[in-house]
Each structure stands twice: as C-alpha cells, then as structure tokens.
Amino acid sequence: ADLENLVLSGIGESLSQKIIEQRPHIDPEEEWRKLEKENVRMLLETDEEYPRLLKEIPTAPYILYMKGEMDLNAPMISIVGSRRYTTYGSQAAYALAKELAQAGITVVSGMALGIDSIAHRGALDGGGKTIAVLGDSLDDANIYPASNFNLSREIIQKGCLLSDYPVETPASIQGNFPARNRIIAGLSMGTLVIEAGEKSGTLITADLALEFNRDVFAVPGSIFSLQSLGTNKLLKSGAKFVTSIKDILEELNLEEIHEKSFAPAKIP
C-alpha cells in the first residue's frame, strides 16, 4: 500500500509514514528464514488454528508466534501471581496447576519467576498441557528469564510458547510485559490469581480478564501477608473464591471432564 492508502486504513499519518520509511530496510524472505531457523510458526488472526477466545478481545494480535504444537482452542485457565511468593503460595500454585492439568485443562501463564514458573511446573508434573506467553520473541537468544530456558524446552514438549513479538525482540523493551498480559487473559476462560501484592503487576492480568468478560478467581491468603493484599482485595471486589479446582470447574461448567472425586489440593 502507498502512503495514501495506509492513511486511509485508519492507522494514522505518522505510523503510515514510518512504514513507508522502514519498508525498504525489511527483507520478508530474511524474516521468514529467521522463523524457520528457530522453529517458530506464525499464526494469522484469519487462520483456523488461531485461538477463538483470543480473537474475541478488542486488542487481539493479528500475528501470533508459536513454538511447539498444541490445540489453542482447548479449555484453558490462566494462573498468575507474584514473583515474590510465600511457601503457601508456592504450594497452592503447584497443586492447583497440577490438578487442573490432570483434569484436562491447559494451564496458561507467563513463565516469569515465582508463581508463573511454579504453575507451569505443576502442569508439567501433572502430565498435562501448558502454554507460556512471553513478553519477548521466541528465539533462543531472547527467552526471558534466561534462568527458565530449560523450563521453556520442557513446555515446548508438552505445550507451546506464544508471543506476538517477531524474532529478535528482547524482553527489555518497555511495555512488553503489560501488553503480553492481554494475551494471557484473552486465551483463557478464566484467570486464577495466587498471591499478589497490593500494587502487583499481576492485577493487570486480572483487570484485563474482567474487561474481556472472563471469570476471575483468587486463592485467599493470610491477612498478615503483604503478598495476599491484592488477592484478598480481588475477593472483596467479587472474584470467585478458590480452595480447590472444583470451585473453578463448577463455575465454568466443566465438571464433566474431571472424573476423579474432588478433594482439597495436596501439598507437594
């Protein structure tokens, strides 16, 4: 498209001009080779494989990058929480993620240090599927945090990594992580919050889930713990109270996929 047609598309004159200026410096064939080298697939919003729930949100990415193989339209629950966590938060995240995975629910999180990583581990140990949505690109050099590189390899074997950032996009770009939270919330039928401080970034994901008309669940925490101020506030604001996966499955009418009897989450 020329400048006139780009402006008419509605993206504005400034961005249209930037596209015209940058276009000569972009080699589509080279970008495609980068994807192939890193075994990264590109899903368009018009593709049948593109997740239906994500397509419903107003800021759905037109291009979604994927590393690994799985059904992106399977039942999903997001589990998010603080990087700083207590023993209680760790136990709750691991046990609930593991039991959700065993019940056939895909666990979605952001592979951040803390509760996110513990949730992925619980899902993997439960023999189920898990998806990590990253705030950077999916090429090996930019996996973040680097300490979770091995975890990312395990996730690819049992699920996938997702991002809306093209290869060679570092995690250091301001705004990447709050933006990726919309994908975590948008993919899922509901978002479960396990430990969040009063001003935790985790609450951004919960707010987005509410904005997208999705269920928000929270695990109650100690009134004496700073890491529970955010979750307890969510509960007072109307989030669904969770003490076992039964609370989630019943709310979402998914009880029939869970055959074993319900019991309180087991501490790992």
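Predicted model: local features only at pLDDT ≥ 70, side-chain atom pairs only at ≥ 80, totals over all residues.
1. The secondary structure of the chain comprises 11 helices and nine strands. Its radius of gyration is 19 Å, close to the 18 Å that the globule rule gives for 268 residues, so the chain is as compact as a globular protein of that length. Along the principal axes, the C-alpha trace spans about 60 × 35 × 35 Å.

2. As to burial and surface, 51% of the 268 residues count as buried. The protein chain exposes about 13400 Å², and carbon and sulfur atoms supply 52% of that area. The chain carries 26 positive and 37 negative charges, whose mean positions are 6 Å apart.

3. The largest nonpolar core holds 32 residues, of which L72, I131, V133, L162 and L187 touch the most other members. Both strands and helices contribute: β2 (63–68), β3 (76–81), β5 (130–133), β6 (160–163) and β8 (215–218), together with α8 (176–187), α9 (202–211) and α10 (229–236), each supply at least two residues of this core. A second, separate core has 26 residues, including A97, I115, V219 and L252.

4. Neighbours within four places in sequence aside, V133 is in contact with V108, S109, G110, L162, R180, I183, I184 and L187. Two of these partners, L162 and L187, are named with V133 among the core residues that touch the most other members.

5. Y144 and P145 are joined by a cis peptide bond, with omega at about -5°. P145 is found in the loop between β5 and α7 (149–158).

6. N39 lies in the loop between α3 (28–37) and β1 (41–44). Is this asparagine, N39, buried or exposed? The relative accessibility of N39 is 59%, and the residue therefore counts as exposed, the cut-off being over 50%.

7. N253 likewise has a positive phi near 55° in a residue other than glycine. N253 lies in the segment after α11 (245–251). With a relative accessible area of 54%, N253 is exposed.

Notes
Residues numbered from 1 in each chain as written. Heavy atoms only, no water. Helix = DSSP H or I, 4+ residues; strand = E, 2+ residues; numbered from the N terminus. Rg over C-alpha atoms; globule rule 2.2 N^0.38 Å. Buried < 20%, exposed > 50% of the residue type's maximum accessible area, 1.4 Å probe, protein only. Areas by Shrake-Rupley, 256 points an atom, 1.4 Å probe, with all protein chains shown as cover. Lys, Arg positive; Asp, Glu negative; His and termini not counted. Charge placed at Lys NZ, Arg CZ, Asp CG, Glu CD. Core = buried A, V, L, I, M, F, W, Y, C linked by side-chain atoms within 4.5 Å. Contact = heavy atoms within 4.5 Å.
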